[in-house]
Amino acid sequence: MAPARGDVAGCAPCPIVVAYPPMATAPAPGPIDVSRLARQWVSDYCRQTQSGDVLCSGDAPWSEMLEEIASAVGDDLAFARERVQRHAEDIGMGFRIIGESEERPWPVSPVPLLIGEAEWAGIAQGVVQRATLLEMICADIYGEARLIADGLLPAALVSGSPFFLRPLVGLVPAGGHHLHFIAIDLGRGPDGEWRVLADHLRAPAGAGYALENRLAMTRTFGVLQQRLNIQRQAPFFAAFRAGLAAACKRTEPRIGLMTPGRYNPSYPEQAHLARYLGLLLVEGADLAVLDDKLYVRTIAGQKRVDALWRRVDPRLIDPLAFDSKSTIGVAGLVEAMAADNVVVANAPGAAVLESAAFSAFLPRLSRALLGAPLAIPNIATWWCGQEKALGHVTDNLDAMLIGPAFPAPTLGLDGSEPVAWADMDQSAQARVRADMERRPQDYVGQEIVRISTMPVVADDRLVPRPFTLRVFAARSGDGSWTVMPGGFARIGEHPDPRASVIGEGMWSADVAVLGGQQAAPASLLAPSDTVSIRRNPGTLPSRVADNFFWLGRYLERGEALLGAIRVMLGNTIDADGGAALARETVGKLVGIITDDGAAPAPESFRRADLIAFAGAALEAEGGGWRSVRSISQTARSIGAGSRDRLSADMLRLLDAPFPRGGGLLDRAGTLQRRYVAIAGLAAEHMSRTDAWRFLDIGRRIERAASVARAVRLFGRADATADDLSTLLDIADSQISYRQRYLSGIARLPVVDLVALDPGNPRALAFQINVINEHLRALPVLSDDGMAEPQQAEAIGLAALVATATAATFSAERLGDIERRLGKLSDAIGRRYFLQGAEHVRQGGLTLA
């Protein structure tokens with residue numbers, strides 16, 4: 001199978017996804033004979049299938065599995081599909097297609113692929129053999145090159161690959177292995193024989209999706225695992241984590257998962273795996289090499305990184321060694337590898353073996369290096385770079401797939417996937433034939449393989465669809481290979497059983513490997529008596545702190561703008577003919593909104609113009625306007641970049657679609673409640689870690705600036721009753737004021753409550769006090785006891801506010817506070833956040 005479209009690393013599983021209707025109501029319970037219903041499903045299904053279907057020709061207990069589905073959903077298979085899909089979406093996994101800004105939900109079929117214990121043992125044995133062979137070939141290519149010297153591999157096959165990285169020749173990877181984690185795509189023929197369709201070594205994707213499929217199935221059909229003795233996946237992930245740790249020099253290594261970033265197609269999977277395995281999710285900008293050692297930039301200084309699970313294109317990981325234009329790599333990473341100071345899984349050069357042309361030589365290499373044939377054969381492949389193979393391909397074009405020999409586009413083919421010659425039109429055939437004559441080494445011919453089908457739910461019934469199986473293998477703590485029991489199945493959209501047309505698939509399915517006895521519960525959690533209790537939440541990269549800081553600022557900015565819009569819409573001021581002072585109050589509200597760049601100023605202060613203005617400030621898209629919608633989208637984007645540290649509920653609120661329908665005030669109210677819910681989650685559900693502190697600091701700085709501006713505009717000496725009432729509305733302090741002062745509204749009490757009362761959570765003084773508390777709790781780089789610049793700036797602000805009174809709190813002082821809040825924000829950024837390509841922080845360095 002060719003790599004999925006749009007993946008930087010060439011192997012993200014990105015199926016086509018349909019839109020799902022709202023989840024149906026569960027079928028009413030009733031007396032259902034689940035055994036009879038399962039038999040009926042099997043009978044109806046097998047009448048549609050051809051030979052080789054896994055349900056109709058296999059020996060796995062499909063009827064028992066279908067009985068469990070019937071027990072959960074009755075005879076409504078469509079509801080089973082919706083239910084398992086809803087659980088998958090609740091887990092929070094998704095994927096993105098290159099060119100699309102929105103993530104798509106990962107599609108899961110409610111019917112798993114069942115594989116018996118004996119059949120799986122043969123698959124696992126073949127995968128381990130293949131992993132061993134690929135490691136030996138890779139070590140030779142970048143080592144002694146005996147395979148080329150002995151004529152077992154053509155030199156052009158190696159040097160012609162864009163993923164042959166010459167700077168790595170002679171480099172022995174830290175830990176001694178090139179491969180630590182691989183994925184292999186398998187197809188099952190109608191005769192039951194499995195064949196390898198593709199190897200994924202660059203940055204194998206999909207293990208997180210396999211984990212999600214299993215979680216969704218377990219939540220939907222809870223007893224299925226126990227009834228069928230399904231083997232568990234957790235031991236595989238534990239073994240992989242132990243294998244990475246064992247390859248490191250330090251006994252307590254720090255391991256990171258290196259991601260290209262949130263726009264990568266499989267970024268949600270990467271974040272999910274990092275959280276599940278307890279790895280640090282890092283980008284290239286988070287890392288720096290110093291004295292041939294790798295460090296992550298954190299708010300507490302540089303911290304040593306011992307191993308990276310790489311999900312970045314190998315040509316982009318080090319701009320000094322490979323692509324000098326790369327902006328997502330780490331300068332000097334290869335030097336750190338050469339110094340044996342960092343383990344990179346997989347080693348960058350391993351991608352050379354992904355070329356389809358290598359499949360033509362693996363059978364011979366297996367016999368030469370292992371003394372045995374491949375336990376799981378490839379699909380038959382001929383590399384056209386050799387004269388005899390080229391002749392065979394050209395003589396049998398009508399029975400061939402024609403594809404690129406290397407992971408690079410050719411002039412003759414439109415895409416990177418192999419195409420059946422018989423499916424090409426005459427012009428496409430002529431173009432391919434002409435290019436094959438010019439550069440035959442760029443092409444391979446492959447046999448057309450027909451693969452088995454499995455059941456999938458369509459139109460409330462089971463229908464057969466072709467599938468492929470992605471299997472994962474990882475190096476464990478003792479250096480041996482272990483295979484994940486299962487993986488995930490990719491299911492085709494159409495009944496055509498040719499492997500070449502399954503494409504990226506329509507659905508995925510859990511793969512359940514059946515055991516002879518009940519599988520013991522397994523978990524990545526260590527035994528309770530072997531783990532030392534700790535309350536340090538761990539390393540916080542500077543980039544993540546930056547994200548949380550600005551997430552807090554944008555959330556508060558959106559809420560403040562929304563508050564001003566709601567006050568203007570709901571205000572009782574008669575803008576069509578009231579007193580001049582009332583119009584001035586409206587003008588100040590309009591000024592706040594226009595100064596924020598939310599919308600162009602209204603043509604007049606007539607009611608209709610103000611409503612149109614409020615609508616634009618709320619919902620405007622494009623044009624550079626910073627409307628509530630635009631701010632919400634920015635907050636959503638920032639949150640997506642830190643999804644490994646945010647709860648599913650928080651991400652769901654950030655991702656929620658902008659409200660539609662109803663009146664303008666109704667939509668504004670819906671948004672207000674959403675902002676309140678997000679603030680509540682942050683206040684009551686987030687641990688008081690440094691990440692939470694940066695989120696709250698950002699919120700407090702933004703709120704302090706907003707309150708200072710509001711007091712400067714509405715609380716000045718000539719303020720009217722309308723001004724003061726508006727100020728209380730903007731500061732959400734109307735009730736507090738009414739409870740405290742029964743004699744009516746007056747300027748000095750309002751200013752004191754909104755600006756100077758340290759007990760009012762909306763007041764300026766409260767924000768500045770909280771900021772000081774947070775900055776005192778954050779790490780510092782020196783131990784001299786002196787305040788750092790950001791702390792000194794916050795202390796000065798606190799003194800300025802604490803010594804003020806409502807009578808002396810002038811517009812000039814408020815303007816000064818606004819400017820100093822900006823300086824405080826800059827000081828926090830300089831101290832804690834990434835500044836270009838800097839390596840170390842001035843004033844101290846922690847190299848733990």
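Okay, let's start at one residue. Leaving out anything up to four places away in sequence, Q791 touches N772, L775, R776, V780 and M786. Q791 sits in helix 27, which covers residues 789–802. Is Q791 buried or exposed? Its relative accessibility is 12%, so Q791 counts as buried; the cut-off for buried is under 20%. And before I go on, please keep in mind that this is a predicted model.

Now the overall picture. The chain has 848 residues, and 55% of them count as buried. In terms of secondary structure, there are 28 helices and 21 strands. If you take the contacts with a separation of 6 or more, 72% of them are between residues 24 or more positions apart. The accessible surface of the chain is about 34200 Å², and carbon and sulfur atoms own 51% of that.

On to the inside. The largest nonpolar core has 145 residues. Which residues have the most contacts inside it? Those are I69, I137, I141, L153 and W309. Helix 5, residues 117–141, gives the most to this core, with 10 residues. Setting aside residues up to four places away in sequence, W309 touches F181, F240, L244, G256, L257, M258, L273, L277, L279 and A345. Apart from that core lies another one, of 89 residues, and A564, V707, A731 and L797 are among its members.

Next, M484, if you want to find it on the screen. M484 is in the loop between strand 19, residues 481–483, and strand 20, residues 488–491. What is it in contact with, apart from neighbours within four places in sequence? For M484 the list is W120, A207, A210, Q233, F236, F237 and F472. One distance to go with that: the C-alpha atoms of M484 and V513 are 9.7 Å apart, and 29 residues separate the two along the chain.

Now for charges. The structure holds 41 salt bridges, and I'll go through a few. The side chains of R553 and E702 meet in one, at 2.7 Å from N to O. R553 lies in helix 16 (residues 542–570) and E702 in helix 22 (residues 690–714), so this pair ties together parts that are 149 residues apart in sequence. How accessible are the two partners? R553 has 11% relative accessibility, so it counts as buried. E702 is also at 11%, so E702 counts as buried.

R699 forms a salt bridge with E559, and the closest N and O atoms are 3.6 Å apart. Again the pair links distant parts of the chain, with R699 in helix 22 and E559 in helix 16, 140 residues apart. Both R699 and E559 are buried.

Elsewhere, salt bridges that share partners join E64, E67, E68 and R227 into one network.

For a pair with other accessibilities, look at D44 and R47. Their side chains meet in a salt bridge at 2.4 Å, N to O. D44 has 31% relative accessibility, so it counts as partly exposed. R47 comes in at 62%, so R47 counts as exposed; the cut-off for exposed is over 50%.

Last topic, cavities. How many of 30 Å³ or more does a search of the whole structure find? The search finds five. The largest cavity has a volume of about 70 Å³. Its lining is made of P112, R214, M217, T218, F221, G222, L224, Q225, I230 and D510. Two elements give two or more residues to that lining, helix 8 (207–220) and helix 9 (224–228). Which of them gives the largest share? That is helix 8, with three residues.

Q791 is in helix 27, and it counts as buried. Helices 16 and 22 are linked by R553 with E702, and by R699 with E559. And the largest cavity has helix 8 as the biggest contributor to its lining. That's it from me, over to you.

How values were computed: Residues numbered from 1 in each chain as written. Predicted model: local features only at pLDDT ≥ 70, side-chain atom pairs only at ≥ 80, totals over all residues. Heavy atoms only, no water. Helix = DSSP H or I, 4+ residues; strand = E, 2+ residues; numbered from the N terminus. Contact = heavy atoms within 4.5 Å. Salt bridge = Lys/Arg side-chain N within 4 Å of Asp/Glu carboxyl O. Buried < 20%, exposed > 50% of the residue type's maximum accessible area, 1.4 Å probe, protein only. Areas by Shrake-Rupley, 256 points an atom, 1.4 Å probe, with all protein chains shown as cover. Core = buried A, V, L, I, M, F, W, Y, C linked by side-chain atoms within 4.5 Å. 1 Å grid on protein atoms, 1.4 Å probe; cavity = no way out; pocket = protein on both sides within 12 Å on 5 of 7 lines; lining within 4 Å. Points joined across faces, edges and corners; volume = space filled by probe spheres on them.
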